2 protein chains.
Amino acid sequence: MTADRTEISKATLNRLPAYLRYLYELDKKGVQTVSSTMIAAGLDLNPVQVRKDIAFVATSPGKPKLGYVTKELIADLENFLGYHNTRDAILVGAGGLGHAILGYDGFAKYGLNVTCAFDVDPAVIGTSINGKPVYDMSRLPELVKRFNISLGIITVPSGSAQEVADLMVSAGIKAIWSFAAKHLNLPAGVALKHEDLAASLALLRMQLVSQD
Amino acid sequence: MTADRTEISKATLNRLPAYLRYLYELDKKGVQTVSSTMIAAGLDLNPVQVRKDIAFVATSPGKPKLGYVTKELIADLENFLGYHNTRDAILVGAGGLGHAILGYDGFAKYGLNVTCAFDVDPAVIGTSINGKPVYDMSRLPELVKRFNISLGIITVPSGSAQEVADLMVSAGIKAIWSFAAKHLNLPAGVALKHEDLAASLALLRMQLVSQD
DNA sequence: CTTTAATCGATAAAAATATAACTTTTTTAG
DNA sequence: CTAAAAAAGTTATATTTTTATCGATTAAAG
């Protein structure tokens, strides 16, 4: 195990970006120091939970009665989340969703740089979306290797998702962010994050139904 | 509480759509019965977990040595997840992501019908995306009330997300699906599902980094 | 300078979730 | 017709995650 002390929990990691966003807001308002109580109140969380989460990432301890120095905590979070350390990624599937992702420049802030896209549709191959070229799928292995890309985004229909994933893996990609409604089978050592919109929707509906 | 026995867990609810998708595949291949072991193997899960999850939704019990009848289990899952019971929704923010969602007809399968969109940009107001009209934001309350819409999708920049959410709530919307990178403050009784792409990305990067 | 109230950090308890162990049932094979 | 195998169902244990408690610290107010 490469764990420094105790491994950071998945749940914590999911909350950190929300803290960071909240801190940006406070900083913009000129708030110098921020307490875990304040963050918890702003994000509807438990103060103790916030404090524990922060303990993982903060380099300097918080002061009683004041809390943490806003700018320092922001820096610590950004470092921890790797926002300063940009990674190149490719995207496969320049359809509706793929188009939207390529068109969104906000990921740069999170240290993600989508360099180009791939597709099989001759209508989009050769075009450029938001300055990012769309290549033929067959060129994927070559380009991934040449630029040493480690992250791939999948926005193809579920029918071809596994095929695309296999191609990515064989080209050397080490992490896949998939928006396809399909379970992907990947070898150990390749990280996967599956964005399951159907599941999200199910969760929301369930809350909705249980009200009336 | 309307809980039949023990309340269904959030984690379970997140897995059910994946089961359903897998069952569709098997059914298409002509597989008559399916065991929890088979599902678990296909989706890299624990068989007991699958069995417990299924116990929540299945109307008829599984048979030892055989498992569940594929078509029956599909029907049970679809019913449970409410896929047959379509809900109307509106979307606010006809930008890149909003455009992609409006253009995607796959949500119908999940019982979600996005009827129309709203925006403030004169360039898109009055146009139609995938057959869905885009109205001026000011008409939102009127239309939500007229058609008794209960679900709203937010795809606006984070700066205006809270404002949009407030408008939705005051118009009578009871569930919000937000893609904005911003914590929303909502009154009790309004359900919220926040799609935090930054958090997803953080999770993925962390796995990636811990490899090398 | 002393008191006060707020907050941190650490530890403990509780709740939720996942995994494992065991028992029962039913099909298939000998 | 009986034994073996496979899988469901149930109960128990372990793990993870959240929440609560307590003493120590310290900026701010009197």
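Biologist: What are the ground rules?

Modeller: This is a predicted model: local features need pLDDT of at least 70, side-chain atom pairs count only at pLDDT 80 or more, and totals for chains, interfaces and linings use all residues. Residues are numbered from 1 along each chain as its sequence is written, while chains are lettered from A and ligands numbered from 1 in the order in which they are written.

Biologist: How many residues surround DNA strand C?

Modeller: 21 residues do. Near means that the C-beta atom, placed from the backbone, lies within 6 Å of the strand. Among the closest are Pro61(A), Gly62(A) and Pro64(B).

Biologist: Which element gives the most to that surface near DNA strand C?

Modeller: α3(A), with three residues. Helices are DSSP runs of H or I, at least four residues, and strands are E runs of at least two, numbered from the N terminus.

Biologist: And by class, how do the residues near DNA strand C divide?

Modeller: Eight nonpolar, eight polar and five charged. Ala, Val, Leu, Ile, Met, Phe, Trp, Tyr, Cys and Pro count as nonpolar, Asp, Glu, Lys and Arg as charged, and the others, Gly among them, as polar.

Biologist: Now DNA strand D. Which residues come nearest?

Modeller: Ser9(A), Pro64(A), Ser35(B), Pro61(B) and Gly62(B), out of 24 around DNA strand D. The largest share of that surface, five residues, comes from α3(B).

Biologist: How do α1(A) and α2(A) pack?

Modeller: At an angle of about 100 degrees, with axes 11 Å apart. Axes are lines fitted to C-alpha atoms, for helices over the stretch in contact, and angles run from 0 to 180 degrees between N-to-C directions. α1(A) and α2(A) are therefore roughly perpendicular, a label for 65 to 115 degrees.

Biologist: Which residues of α1(A) and α2(A) make that contact?

Modeller: Ala18(A), Tyr19(A) and Tyr22(A) from α1(A), and Ile39(A), Gly42(A) and Leu43(A) from α2(A).

Biologist: Last one. How is chain A divided?

Modeller: Into domain 1 (10–81) and domain 2 (87–199), with bounds from an automatic or database domain assignment. Their C-alpha centres lie 32 Å apart.

Notes: Angles under 35 degrees count as roughly parallel, over 145 as roughly antiparallel, 65 to 115 as roughly perpendicular and the rest as oblique. Two residues are in contact if their C-beta atoms, placed from the backbone, lie within 7 Å.
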